[in-house]
Number of protein chains: 2
Amino acid sequence: MNMELISALIAVAVSLFSVILGIYLFRWVGRYPVGSERMREIGEAIREGADAFLKKEYVILAFFSIAICTLLAIFLSISSAIAFLIGAISSGVAGLLGMKVALKANVRTATAADREGLEKAFLIAFRGGSVMGLLVVGLALAGVSVIYGITLKAEILLSFSFGASILSLFAKAGGGIYTKTADISADLVGKVEIGIPEDDPRNPAVIADNVGDNVGDVAGMGADLFDSYVASIVAAMVLGETLGVKMVVLPLILASVGILSSLAGVFSVRVRGEKNPGRALDLGTYITSAIFALATLVISMVLSYDLKFWGASMAGLVAGTVIGFTTDYFTSIDRHFVKRTAKASQSGAAITILTGYSYGLMSLLPSLVGIGVASGIAFALCGVYGIAISAVSMLAIVGMIISSDAYGPIVDNAKGISEQSGLSEKVISLTDKLDAAGNTSKAITKGFAIGAAGLTVIALLATYQERVAAITGQSITFDLMNPLVMLGLLTGLCVPALFSAMIMLGVSKNAFRMIAEIRRQFKEIKGLSEGTTRPDYARCVEIATTGALKELMLPSLISIGITLLIAFIGGIHALGGFLGGAILSGLFNALLMANSGGMWDNSKKYIEDGAFGGKGSDAHKAAIIGDTVGDPFKDTAGPSPLNTLITVLSLVASLISPLVILYAVFK
Amino acid sequence: MNMELISALIAVAVSLFSVILGIYLFRWVGRYPVGSERMREIGEAIREGADAFLKKEYVILAFFSIAICTLLAIFLSISSAIAFLIGAISSGVAGLLGMKVALKANVRTATAADREGLEKAFLIAFRGGSVMGLLVVGLALAGVSVIYGITLKAEILLSFSFGASILSLFAKAGGGIYTKTADISADLVGKVEIGIPEDDPRNPAVIADNVGDNVGDVAGMGADLFDSYVASIVAAMVLGETLGVKMVVLPLILASVGILSSLAGVFSVRVRGEKNPGRALDLGTYITSAIFALATLVISMVLSYDLKFWGASMAGLVAGTVIGFTTDYFTSIDRHFVKRTAKASQSGAAITILTGYSYGLMSLLPSLVGIGVASGIAFALCGVYGIAISAVSMLAIVGMIISSDAYGPIVDNAKGISEQSGLSEKVISLTDKLDAAGNTSKAITKGFAIGAAGLTVIALLATYQERVAAITGQSITFDLMNPLVMLGLLTGLCVPALFSAMIMLGVSKNAFRMIAEIRRQFKEIKGLSEGTTRPDYARCVEIATTGALKELMLPSLISIGITLLIAFIGGIHALGGFLGGAILSGLFNALLMANSGGMWDNSKKYIEDGAFGGKGSDAHKAAIIGDTVGDPFKDTAGPSPLNTLITVLSLVASLISPLVILYAVFK
C-alpha cells in the first residue's frame, strides 16, 4: 500500500475517533439531570424555537445546494458535484449537532451549578462545547480524507471545500441576521415601549432572542472555523501536488496530529483547586499547542520531512496566538482602550463612536502585520506551499479552540436560565463567574479565526494561481501595475464592504417586520400584558427565520455575481486582482468591526460595573448606543461572514478558472 | 529653441497670466464696500484669529520644511532641496492668499446681499473663491515649468511635488483638527452647558469657530487639489522621459490648456435671468470641460500627437465627472439614501449610525470601479503613461473646480455674518439661497478630488516602479504572490487607517483642552455671561492652533516612519506593495468617510427641514449624533488628509528609491 492511502486511512481513523468521542460527550452531557419543571419548560421552548429555525433554514439550504450541485455537474463534473454535496452536508451536520448539544448543556449546566457546584457545572458546559469542537474537526477531516482516499486527486477537494464554505456562509450570515433581529426587536418593544424587563416571558420575542444566541454564537463560530479548516487543508494538498506525494499528504498528517492533540487538551480541562475557569480553558489551549508542536517535530523527523516544513508550521501556530492575544488586548475590559472608550462616553454617544472606531482602526496594524510576517516566513522556508502549511497548523488545534469558544454561549444561556427560573443569588453569581471566563476565550477565538482565514485565503490565492498555470502551461503573475489586476483589486475591495453593508441593512429591515408583529400581539392577544395568556412565540421565530434567510440571499448572490462578471469580462488577471482586493478588504473590515465592536461592548460593561457614574448615568446611555452599533459590527456583519465570504470567493475563482480560460480562448 | 523650452515658456506665461488674473480678482473683491460697523468688527475679529493661526502654523511649518530640506540636501542633492523648498512655499502662498481673500469676500458678500441683491453678492463670493482657484493652478504650474525650464530634468520635480504635498498634508490635517476642535468645544460648552445660542459673541470660542471654517474648508480643499495637481503633472513628466521629449512636455501643454479653459469658465460665471446660483456654477464647469475637451483635441492634431493620448485624457475627464456625480447622488438631500438615513433616525442614534455607515460602504463600488475602468482604458491606450495623462486631464480643469468649491465657505460665512450683525430676514434668506448652491458643488468636488488622487497615486506607483527599473537596469513587478509584496500590502493597508484614527483622537484630546479653557473664562472673567466684558478670543484661537499642530505631528511622523521601515527592512518589493496597500486603503477610507459623513450631515438637515418630526424631535436628536460622528469623518480624518497622505507616501517612495537600492546592495 502506498503513502497516499496509508495517510488517508490514518486520517480517516483519527477523524472517526474524534467523531465517536464527540458523540460520547454528547451522551455524557445528556445523562445529567434537568432541574425544576420551570427549567425544563424554558429549555423546551428554546429547543422548539431552535428546531423551527433549523428546519426552515436547512430546507432552504437543501434547495440551494441542489441548485449549485446541478450547476457543478453540468459545468465541471459529476464527482465535483458529489464532493460539493458531501461538504455541504458535513458542515450542516456539524452545526446541527453542535447546536443540539448546546441546548442540552445549558439547562444541565444551570442545574449542576445549583446542585453540584462550580466544578461539575464547568465540566458540563465545557464538554458540551467540546462536542462541537470534536465534530467539526472530525467530520471535516473525515470528508477530506475519504474523498482523497477514493479519488487520490486533490483538485476534487476544492468542490468539497466549496460545499462546506457556502453552507457556512449561509449558516453564519443567516444566524447573524436572525440573532440581531430578535435581540433588537425584543429590546425595543419589550424594554423601551412596554417597559417589561429583559427576558420577560410575556414578550413574544423572548424565545426567538434565546434561540438567537445559539444560532449565532454556537453554530456560527463552528461553521466559520469548519470552512477555514477544510479550505486550508485543501489548499495545501492542491499546492502540494506539484511537489510530490509526500507534500500532498503532509496536511493530512498535521491535521491528524492536531486532532489527537486537541483530544488530549479537551480531556485535560477541568477546574481544580483555585477554581479559576478562565485559567482552565487557557491551560487546555497551552497543553494542546505544546503537544502539537512537539508531536509534529517528532513525526517530521521520523518520516524524514525537511524541518523547514515544521518551521512553516510553527510560524502559523505562533501567528495565531499573537493575533488572538492582540485582539484580547484591544478588547479586554481591564485594558487601556476599553477604559478610554468608556471615559469618552462621558462626552456623549458621538464621541463614544468616534473613539471606539478610531481604536478599532489602530488595532489593525499588529494583526495584519502578523499575518504578513507569518506568511513571509513560511514562504521563505518553503514557498507558497509553506503559507498553506502554516494555515493548516494554525487551524490544526481548532478542535480545542472551538471547544472553549462554544463554552461561552452555553454558560451565557445557563446564566439566563438560572435567572428566569429563580435560582438563588449564589447560583447566579456562580454562573456569572463561569460566564466571565467565556468572554476572554471568545475574543481570542475571533482573532484566531481572522488570522487563520487570512493565511488560508492567501494560500487559496496561490492555489488559484497554480491552477491557472497548470491549465495554460504558463506561469502567471498578478502585478499591481497590470491595469486589469488593479481594476480587480479596486473592485475586490468593494465586495466585502457591500456584503457587510447589505447584511447590516438586512437586520434593520427584518427588525421592522418583527417589531410590527410584537406590537400586534400585545394589541390583539388579550391578557398578554397581564401574563394570563401565552404569547405566540413561534410566529416571532418564524418571522426572524424567514427574514434572515431572505436578507442573506441578495448579498450572497451579488458577491458571487460580481466575481463571475470580473472573471468573464476581465479575465484571469482581473480575477486574481479581485481576490487580492477582496482578501485585503475582508481582513481589514473583519478586524475593524470585531475589535471596535468588542471595545464598545466591554466599555459598556465597564461602566455598568460602576465606572463613570455606572448604570443609568449619561455615560451609560452613550455606551449603550456604542454597544448597539457594535453588536451588528462584531456579530452580524463583521468577522464571521467576511472570513467565509473571502474563502467562498477564492474557491469560486479556483473552481471556475478552467471555464474562464476556455471562455477567453473562444472569445 | 527646442520643444522643451518652448513648452516650458508657454506654461510659465499661462500660469503667470492665471496668477495675475487671480491678483486682479483679489483687488476686485477688495474694492467692494464693507457694510456696518458691526460687520466690520466681526470680520476683523475673524481675520485676527485667522492671522494668529496662520502665523503660528507657518512658523512651525517653516522649521519643519527646513529640517526636511536639510535631509534632502544631505541624502539626495542640493537641487532637490531647493525644489522642495519652492514647492512648499508655492503651496503655502496659494493657501495663504486664498484664505486672505475669503476673509475679505465674506463680509463683502453679506454687504452686497444687503445693498445690491443676489447677482452682485453671488459674483463677489464666486470671484473671491476664484482667487484661490487661479492662484493654485497658476503657482503650481509656474513652479513646475520654471524648474523644468531651468533644469530640463523631470526627476527633480519629484522634490518640488514632495514639498507641495508635505505642506498640504500639514495644512489640511492641522486645519481639520483645528476646525473640529473649535466647533465641538464651542457647541459643547456654549449651547449645551451655558445655554447660549450658536455664534453668540459671549462664547470665547466663537471666533475660533468662525476661523475654523476658513482654515479647514478654503485652505484645506485648495491645498488638497494643489498637491494632486502638481503630483499628476510630475508623474506624467517623469513617466514621459522614457518616451521622448514630446511626451515629457504634453502634461505642461494639457495643464496650460486647462488653465485657459478654467479662466474662460470662471469669467463666464454669473447669475442671470432665473437667478439660480447652483446652475450658474454647474454651467461654469460644463463650459470649462467642453472648451478643454475641444481645445486639447485641436491642439493634439495641430502638434500631431497620436489621438490615443487625447483618448486617455478624456477617460480621466469623464471619470472625474462620474465620480463627482456619484458622490452627489449618495449624499444629496433629495435622494433615497439621505432620506432613508433620516428615516432610520426615528429608531435611535445607533440605527442612524449603522444605516449611514452601511450606505457609505455601498457607495464605494461605483467610484472605485470608475477609477479602475478609467485607469484601465488609459493604460490600454498608452500604457502607464496614459494613466498619468488621464490624471493630469482630470485635474487640468481644477482652476474652475476650486473656484466653485471655495465659493461654499465664503457664502456660509457671509450667512453667519448677516445673522450676527442683524440684517433683515430677506437678506438672510438670500444668503441661504447662495449657501444651498455651495453644498452640491462641495460634494462633487470631494468626489472629484478623491478620483483625481486615485489616478494620481496609481501613476505615482508607476513612477516609483520606473525609477527602480531605471536605477537597477531591470524591470520590476509587484506580484501579489510575492510575500514581500503581500507583507507590504497588508502593512500599507493599516497606515491610512492609523493616520485617520490618530487625527480623530487628536480632535478629542484637543477639544478637552479647549473646553477647560472656555469653562475657565466663564468662571474667572467677570461680566462675561452678562455680555458686559469681551472674552479672550485669542487664547482660544491659540489653544486650538497649538493643539492642532501638536496632534498632527505624531501621525505624520509615524506614517513616514513606517514607510522608511518597510523600505529599508523589506526592500523595494515590500515598498511597492506598501504603496499599493496604502493607496487601496486610502481610497477606501476616504470615500467611506466622505460619503457616510455627507449622508449624516444632510439627513440631519432633511429632518431640520421638517421631516420625521423636525427640529427637537427624537429623530432630530439621533440625527445630531450621526452628524457629530460624520463631521470629523468627512472634514478631519477622511478624504482631505488621506488623499494627500497617499501622495506624500508615494513621493517619499520615489525619492528614497535610490537609497533603498543602495542600502540593499551594501547590506
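User: Hi! Where is the place of A:Arg519?
Analyst: A:Arg519 sits in helix α15 of chain A; helices (H or I, at least four residues) are DSSP runs numbered from the N terminus. This is a predicted model, where local features need pLDDT of at least 70, side-chain atom pairs count only at pLDDT 80 or more, and totals for chains, interfaces and linings use all residues. Residues are numbered from 1 along each chain as its sequence is written, chains are lettered from A in the order in which they are written, and side-chain values use heavy atoms, with hydrogens and water left out.

User: Thanks! What does A:Arg519 touch?
Analyst: Not counting residues up to four places away in sequence, A:Arg519 touches A:Val189 and A:Glu193. Contact here means heavy atoms within 4.5 Å.

User: And how exposed is A:Arg519?
Analyst: A:Arg519 has a relative accessible area of 43%, so it counts as partly exposed. The cut-offs are under 20% for buried and over 50% for exposed, with partly exposed in between (1.4 Å probe, protein chains only).

User: New topic: is A:Thr431 buried or exposed?
Analyst: A:Thr431 is buried, because its relative accessibility is 1%. This residue lies in helix α14 of chain A.

User: What does the side chain of A:Thr431 reach?
Analyst: It reaches the backbone oxygen of A:Ile428, at 2.7 Å. Leaving aside neighbours within four places in sequence, A:Thr431 is also in contact with A:Ala113, A:Lys415 and A:Ser418.

User: Okay, on to the two chains. How much do chain A and chain B bury between them?
Analyst: About 5700 Å², with 84% of it on carbon and sulfur atoms. Buried area is the accessible area (1.4 Å probe) that two parts lose on being put together, summed over both. Chain A gives 64 residues to the contact and chain B gives 64 residues.

User: How many salt bridges does the rule find across that interface?
Analyst: Zero between chain A and chain B, where a salt bridge is a side-chain nitrogen of Lys or Arg within 4 Å of a carboxyl oxygen of Asp or Glu.

User: Which elements of chain A give two or more residues to the side that touches chain B?
Analyst: They are α11 (349–362), α12 (364–396), α14 (425–472), α15 (483–524), α16 (537–608) and α17 (618–637) of chain A. With 16 residues, α15(A) gives the most.

Technical notes
A polar contact is a pair of N or O atoms within 3.5 Å; within protein, one must be able to donate a hydrogen and the other to accept it, and residues adjacent in sequence count only if both atoms are side-chain atoms.
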